[in-house]
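Here is a short briefing for a first look at this structure. Start with the sequence and the model below.

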Amino acid sequence: MDRGATSARKDASDSRSRESRRDSRSELRAPRLDVPLDTRRPIVRRPQVDSDTFGRFAETFARFMGTARFLIYMTLFVGVWLLYNWLAPERLRFDAFPFIFLTLMLSLQASYAAPLILLAQNRQEDRDRVIAERDRTANARAHADMEFLAREMASIRMALGEVATRDYVRSELRSLMQELEDQQARGDDDDAGPSGITD
């Protein structure tokens with residue numbers, strides 16, 4: 001009896017472990033069937049970078065590089081570098097006349113600045129695309145609202161064409177009053193009789 005219970009427990013745990021392995025494999029699968037699985041294991045793990053944080057840093061850097069303050073700082077840095085390496089004693093100079101180290105520093109700064117500026121421009125283009133799409137949707141909605149209001153105004157104008165205006169009602173009342181006065185005058189004439197003498 002104990003053997004049957006233990007074998008039943010073992011079978012249940014084996015089926016659970018098989019199901020958990022199957023679930024873990026299904027989680028690793030691509031969400032679509034037409035996308036092949038990447039079975040290669042990287043030798044060196046790629047660093048995980050938060051793209052939004054890095055993008056904000058790139059925008060801040062590009063914004064700073066586009067200011068007059070950056071140009072002044074860069075001009076002062078190059079001027080101090082050149083003056084020191086011209087005027088300092090020979091043994092204290094660290095960059096001789098062709099200023100190869102300065103050229104290397106400037107090219108290194110440019111090689112890092114260009115991708116950061118491009119990244120900031122790409123983020124700005126994405127923002128502009130979202131804003132343009134939102135504006136296009138708002139314009140389409142406003143255009144539809146204007147068409148609806150124009151149709152409503154046309155229907156109101158057509159309905160008002162069938163409604164009596166104040167001047168029309170006044171003219172009709174005047175004509176009715178004139179007819180009543182005429183009928184009353186005719187009635188008075190009929191009451192007077194042919195001789196014009198009343199009882």
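The chain has a mean pLDDT of 82, and 76% of its residues reach 70 or more. pLDDT is the predictor's confidence in each residue, from 0 to 100. This is a predicted model: local features need pLDDT of at least 70, side-chain atom pairs count only at 80 or more, and totals for chains, interfaces and linings use all residues. Residues are numbered from 1 along each chain as its sequence is written, and side-chain values use heavy atoms, without hydrogens or water.

**Confidence**
- Confidence is lowest in helix α1 (residues 2-28), at a mean of 57.
- Helix α3 (residues 68-87) has the highest, at 94.
- Helices here are DSSP runs (H or I, at least four residues), numbered from the N terminus.
- Where pLDDT is low, the predicted coordinates should not be read in detail.

**Helix α4**
- Helix α4 covers residues 100-161, 62 residues in total.
- At 1.5 Å a residue it should span 92 Å, and its end C-alpha atoms are 89 Å apart, which agrees.
- The expected span is 1.5 Å times one less than the number of residues.
- Leu102, Ala113, Leu116, Ala120 and Arg123 are buried in α4.
- Buried means under 20% relative accessible area, exposed over 50%, and partly exposed in between (1.4 Å probe, protein chains only).
- The cover over these buried residues includes α2 (51-65) and α3.

- Arg123 of α4 is buried, at 18% relative accessible area.
- Leaving aside neighbours within four places in sequence, Arg123 contacts Ser51, Asp52, Gly55, Arg56 and Glu59.
- Contact means heavy atoms within 4.5 Å.
- Phe54 sits in α2 and is partly exposed, at 39%.
- Not counting residues up to four places away, Phe54 touches Val49, Leu116 and Leu119.

Note on methods: Helices (H or I, at least four residues) and strands (E, at least two) are DSSP runs, numbered from the N terminus.
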